[in-house]
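Hello,

Here is the structure I promised to pass on to you. Please open it alongside this message, and my notes follow below.

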Amino acid sequence: MMSNFTNRLSNFFINYFTLTPDLVPQAEAEQSIREGVSFRGTNILILIVAILIASLGLNTNSTAVIIGAMLISPLMGPIIGLGLGVGVHDYELIKRCLRNLVMAAGFSMLASTLYFLISPVNEGHSELLARTSPTIYDVLIGFFGGAAGIIGLGSKNKGNVIPGVAIATALMPPLCTAGYGIATWQLNYFFGASYLFLINSIYIAFATFIGVKLFKYKASADEDTARSRRVRKIVYTVAILTMLPSIWLTYRMLQDNKFSVNATNFVNQECEFPNTQVLSKEAYIDNGQRYIRIALMGKVLPADSLNEALSSRLGFYHLAGTKLIIVQGDAVNTGSAMTSSASDIYQLAQSTITRQQTCIDSLNTAIRQIEDARGVALKISPEIKVLFPQVEDIALASPVFSTVEDNRQDTVNVALVAFSSRMNTAQTEKFRKYLQARLGIPSISIVEVNPSVITNTKTR
C-alpha cells in the first residue's frame with residue numbers, strides 16, 4: 001500500500017516537473033545565448049539610450065520610465081553568457097562576456113554621470129535611494145531571476161521570461177545610481193549601487209551555471225579537467241564572498257525595521273494626552289545613536305517632566321538608550337507633515353492660541369496677586385490686633401506707579417491703614433518693619449486712611 005502511494009506521488013512530480021520534453025537542443029540554446037553576448041554597433045547605442053531613459057526615470061522618480069528602460073536594455077546577454085561559459089567550460093566565451101560586461105557597465109556609468117552632471121535636478125528620490133542598500137533579498141532576486149532566465153532560454157515555450165527577468169533583476173537602475181553618485185560626489189551612492197549591480201550580475205550568472213549543469217549541457221571537446229575544477233572553485237568563492245556583505249546589510253535593515261516598529265508602538269501607546277495630540281513622529285539613527293522625534297500640537301506640556309516620564313518608559317519597548325526629541329508649541333516644524341496651506345492655517349491658529357494663553361496667564365497672575373493680598377491681610381489681622389491695637393483697618397496692595405515725565409514704571413508695596421488713634425514716629429517705624437518681616441518684602445509704604453472714608457465705603 002505504502003509502495004503504491006510512493007510510486008503515484010513520484011509519478012505525479014515527474015509528470016509535472018520533468019524538463020526534458022520542453023527543452024530545446026543544446027546547440028539551439030547556446031546559439032541564442034551567444035548572439036546576445038556581443039556589444040557592437042546598435043547594441044551599444046541601445047544600451048546608452050536605455051541608460052539615459054533610466055536616468056530620466058530616476059531623476060523624475062518615475063517607476064514606469066525605469067521599467068521601460070529595463071526592457072530596452074541588452075545587459076542580460078553577457079551575464080547569462082558568462083554563466084553558460086562557466087557551465088560548458090568555454091573559457092573564450094567567459095573572457096568575451098567579462099570584457100563586454102565591463103565595457104557595457106563602463107559606458108552605462110559614463111552616460112549616466114554625464115546626464116546627472118547636466119541635469120538641473122540633483123535631489124535623491126526614493127527610486128534612487130532604493131538602489132543604494134542591497135540586502136540578501138537582492139541576492140535571492142538575482143539568483144531566481146537568473147534561474148528563470150536560463151529555463152526560459154533553454155525551453156521551447158519562452159513566453160515573456162526574459163523581459164520579466166530584466167525587470168525583476170533591475171540591472172539598469174543601479175548603474176544609473178552609480179553614475180549619479182559620481183556626478184554628485186556621493187560615494188555612498190556609488191558603492192551601494194555598484195555592489196547591487198555586482199550582486200545581480202554574479203547571481204544571474206551563477207543561476208545560469210547551475211541551470212546548465214541541471215540541463216546536462218555537454219562541455220567543449222577540449223575540456224581541461226584541472227582548469228575546470230579551478231574555475232568552479234573561483235565561481236563558488238566569488239558567489240559566497242559577494243553574498244557576505246549583503247547578509248550584514250540585511251541584519252542592519254532588520255534591526256532598523258525593528259527599531260522603527262518599536263518606536264511606532266511606543267508613540268502610539270505612551271503619547272496619549274487629553275488636550276494634546278501627536279502631529280508627527282520620526283524614528284531615525286544618526287552616527288549610531290537612535291532618536292525618536294515627536295511633534296505635539298495642542299496644550300503645551302511641561303517639557304522636562306514630559307521628557308523624563310516618557311524616557312522612563314523606553315525600556316519597556318526595547319528602546320533603551322534612545323534619545324527623545326519632543327517639539328511642541330511654536331517650535332513644531334509642520335512643513336514636512338502638512339501642505340503649505342494647512343501649515344499656514346495651523347501657524348495662524350497656534351499664534352492666536354499663544355497670544356490668548358499669554359493674556360489668560362497675565363489675568364490669572366493678577367487675580368492670584370489680589371487673592372494673595374487679601375489672604376495675607378486676613379492672616380495677619382489677629383496678630384496686628386494684639387501687637388498694634390491702634391490699627392483699626394488695613395489693606396495691602398502692590399500698585400504700579402508711572403512717572404509722568406518719562407513714563408518709567410515701578411511697583412510699590414503699600415499698606416492702607418485706618419488708625420483708631422495716631423501712632424508716634426517710633427511706633428509707625430516699628431509697625432512698618434513688622435510688615436516687611438511678616439510679608440517677606442524689602443520695603444513697604446504706610447498710607448494713613450481716614451476711618452470715616454472706610455466706614456462710608458462699607459455702608460454702601
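Of the 460 residues in the chain, 37% are buried, where buried means under 20% relative accessible area, exposed means over 50%, and partly exposed is in between (1.4 Å probe, protein chains only). Please keep in mind that this is a predicted model, in which local features need pLDDT of at least 70 and side-chain atom pairs count only at pLDDT 80 or more, while totals for chains, interfaces and linings use all residues. Residues are numbered from 1 along each chain as its sequence is written, and side-chain values use heavy atoms, with hydrogens and water left out.

First, the overall picture. The chain has 16 helices and eight strands; these are DSSP runs numbered from the N terminus (helices are H or I with at least four residues, strands are E with at least two). Among contacts with a separation of 6 or more, 73% join residues 24 or more positions apart, contact meaning heavy atoms within 4.5 Å.

The axes of α8 and α12 come within 7 Å of each other and cross at roughly 130 degrees (axes are lines fitted to C-alpha atoms, for helices over the stretch in contact, and angles run from 0 to 180 degrees between N-to-C directions). On the α8 side I136, Y137 and V139 take part, and they meet M243, S246, I247, T250, M253 and L254 of α12. The residues of this contact divide into seven nonpolar, two polar and no charged (nonpolar: Ala, Val, Leu, Ile, Met, Phe, Trp, Tyr, Cys and Pro; charged: Asp, Glu, Lys and Arg; polar: the others, Gly among them).

Two residues of α8 deserve a separate note. I136 belongs to this helix, which covers residues 136-154. Leaving aside neighbours within four places in sequence, I136 touches M243, S246, I247 and T250, and its C-alpha atom is 9.1 Å from that of Y251, 115 residues away along the chain. I151 is also in α8 and is partly exposed, at 42% relative accessibility. Between the C-alpha atoms of I151 and A207, which are 56 residues apart along the chain, the separation is 9.9 Å.

Now the salt bridges: how many are there by this rule? The count comes to four, a salt bridge being a side-chain nitrogen of Lys or Arg within 4 Å of a carboxyl oxygen of Asp or Glu. One of them pairs E270 with R313 at 3.3 Å, N to O. E270 lies in helix α12 (residues 225-270) and R313 in the loop between α13 (303-311) and β3 (323-328), so this pair ties together parts that are 43 residues apart in sequence. E270 is buried at 18% relative accessible area, whereas R313 is partly exposed at 32%.

Another joins K95 and E92, with the closest N and O atoms 3.9 Å apart. These two are three residues apart in helix α6 (residues 91-118), so about one helical turn separates K95 from E92. K95 is partly exposed at 43% relative accessibility, and E92 is exposed at 55%.

R432 and E429 form a further salt bridge, their closest N and O atoms being 2.1 Å apart. Both sit in helix α15 (residues 425-439), three residues apart, about one turn of the helix.

Best wishes
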